[in-house]
Amino acid sequence: MEKQPHPPERQVWQSDDSVANPPDDTSRPWRIAIDIGLLFGVIFMLIWPWVFFGIINAQDGIQMPSTLSDMVQQYPQRVAAVVTLIGTGTQVIATCLLSQIIVRFGQELVDRGTVTVFDVSALSAFRYMTFVWGLAQGKGLAKAKRRLAIVLLFLAALGASSLIPSGTAVLITPGAFNKTAELRATELDFTSDSPECTEWLERNRLNNLCDWARFGDTQFTTCLGENQMLDTLDSGRANVLASIGISDKTSSLNQLGGLEEGGIRFRGSVKGVLPIGPNGIPAFDTIQTTSNPFNDEDIRMVSYNYTLNHQGLESNVNCYYEDTSPIGYREIPYTNTTRFISSFGTCDSAAGLQNVLESVEEYVTLNGNNTLTYWACKQIDPPGPLDPTYFVYLRGRRNYKTSIGNITCRISPMRSQEYAVNYLSVPGYFTTSRAHDAQSGPRKPTFSRFIEWGLVGFGNIIWEGQNWSSNLVAETVFSLAEKRLNGTTREKNPITLNMFEAMVQGMLEYQATYSRLVYSIRPDRPSTCLRDVTGSVSYSVRGWHIKPQDFVAQAGLLLPMTLINLASLILLLSCFFIGKSRYRYSIDVTDKVSLLTAFVPQQDKEGRVRWGDGVEFSQASKGFRPVPNEVA
């Protein structure tokens, strides 16, 4: 006789800790408190992204504190890691809330006695956010519209859940965005018609004596030559390059006293302006502190551009060759050398010209093979016009007689004009352009000595730039012309003449800039000598911002998280409505141990069940109490 297997022995209960599905003895007040906590958690997760989104949009961006901005700039990888962590954490919280509410919803379905096999599988799928159905079950799921709709709804929820981290990351990732502010300052006005201002300008007019003056913790020379030689030549050179279409080169004006290494840089012509502002000359920075973002320590700018409407110098230079010149030469008396020669000029009064070079009678210069000499005159004003016409004369000796000869430059007009001066922080230079609101009506005359002393300074540069072998002004033009012509420049030609036009204009514009500087350091200037300088700054800061064109896309990225949380809210409110706070059962119908003890009465002998068959849980049908002292 075969030996029969022994039936399993009954095991004695050791303690309640060995029970895999102990009853939940949470009291009703605590369960109410848990539900209220779930409710507040879901509402918070539902509204906080939209509140943040709304604040960003309403305030046109939220700027980061300067300390946090520095950290973002210094540690971008760490910032990305934190953003990813927050996005993932938001997904975990949203899915955990939905998971707990799914458990509550299952308890209320058990209370109603309507839990089917499909209900249990659907609840399990939503709770664990995993696809619990196999391919073989697809045909059966597709036969009923309700089951198919729930499966499709789960797939949508699964996709929405996976998009929560990216939607959150896009919302909270800091970036750079632009803000604007108005700027206001003051500067000297050389078109003021106030008698008090005119008297002050006359009293403080420039002279040909060089000295040093201290202003705003910076030392400045008080004449237009000597130390200004290189800056004047660089300004002329930049204007020549701009005139031949090379607009990406800059001039570095070191003698103006800028903060940046390499001096104040201009792309193109300086136009006679004296740049103020944070990147201009600090000694003359008169920008008002009210609403000035540069004075706000809490603002950390990534980059910025600012524009100020300065008063500069407008000039139109037209040069041409002539057979004769008003410049003459004579030997220096009481000397035994021919290495030096005296050059002088005569302004023909019969032609309506008069001398404009105040305190200049002659230029004693080197008598070399390449000598350039200079003079200037002014046309006597006929009744009516506000702006006189000026004439600049250049004459070359010996070798320069062939390449330069006699050049006459007619300058009209040469007067004050308003220019929009724009500073670009990324390349680090200024640009100038005619202001859009520049005066187009009746014009005030420009203080004449401001214009004419620039002609004196221009002559000083030509005189001081003369050495035994060549003249720096002439050779600057010739070196640029050589590259332009790809050949010799030792003969007169229109291209070289046009370059002389641009060189004269650029150098005169720098003389106007430095003249304004020297006048500006004079003491006790009256308020009638000042004009308002207006402008604006556009600066980039780090923070959170929503561009108008990205508004819809940004809102769309928040919809997946919103839909998940909205589904949680609807399910939780349904629990309140269905159960009416009775809390009869605490069973979790998606728990694996609870499913092991569940029973489907309609299953056949082979253990097959239909999707619509009801599921009974022993904890719900008979009340669950552990058997004391033993377990099967």
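Predicted model: local features only at pLDDT ≥ 70, side-chain atom pairs only at ≥ 80, totals over all residues.
Four disulfides were identified with a sulfur-to-sulfur cut-off of 2.5 Å.

Cysteine 197 is joined to cysteine 529 at an S to S distance of 1.9 Å. This pair links distant parts of the chain, 332 residues apart: cysteine 197 belongs to helix α7 (residues 195-203), while cysteine 529 is in the loop between α12 (494-520) and β17 (530-544). The torsion about the S-S bond is about 110°, so the link between cysteine 197 and cysteine 529 is right-handed.

Cysteine 210 is located in the loop between α7 and β4 (212-215), and cysteine 223 in the loop between β5 (218-221) and α8 (229-243), so the bond ties together parts 13 residues apart in sequence. The link is right-handed, with 65° about the S-S bond. Cysteine 210 is partly exposed at 34% relative accessibility, whereas cysteine 223 is buried at 4%.

In the disulfide of cysteine 319 and cysteine 409, the sulfur atoms are 2.0 Å apart. Cysteine 319 is in strand β8 (residues 301-322) and cysteine 409 in strand β15 (residues 406-424), 90 residues apart. The torsion of about 100° makes this disulfide right-handed; cysteine 319 and cysteine 409 are buried.

The sulfur of cysteine 96 lies 17 Å from the closest cysteine sulfur, that of cysteine 575, which is too far for a bond. Cysteine 575 is likewise in no disulfide. Cysteine 96 is partly exposed, at 43% relative accessible area, and cysteine 575 is buried, at 1% relative accessibility.

How values were computed:
Residues numbered from 1 in each chain as written. Heavy atoms only, no water. Helix = DSSP H or I, 4+ residues; strand = E, 2+ residues; numbered from the N terminus. Buried < 20%, exposed > 50% of the residue type's maximum accessible area, 1.4 Å probe, protein only.
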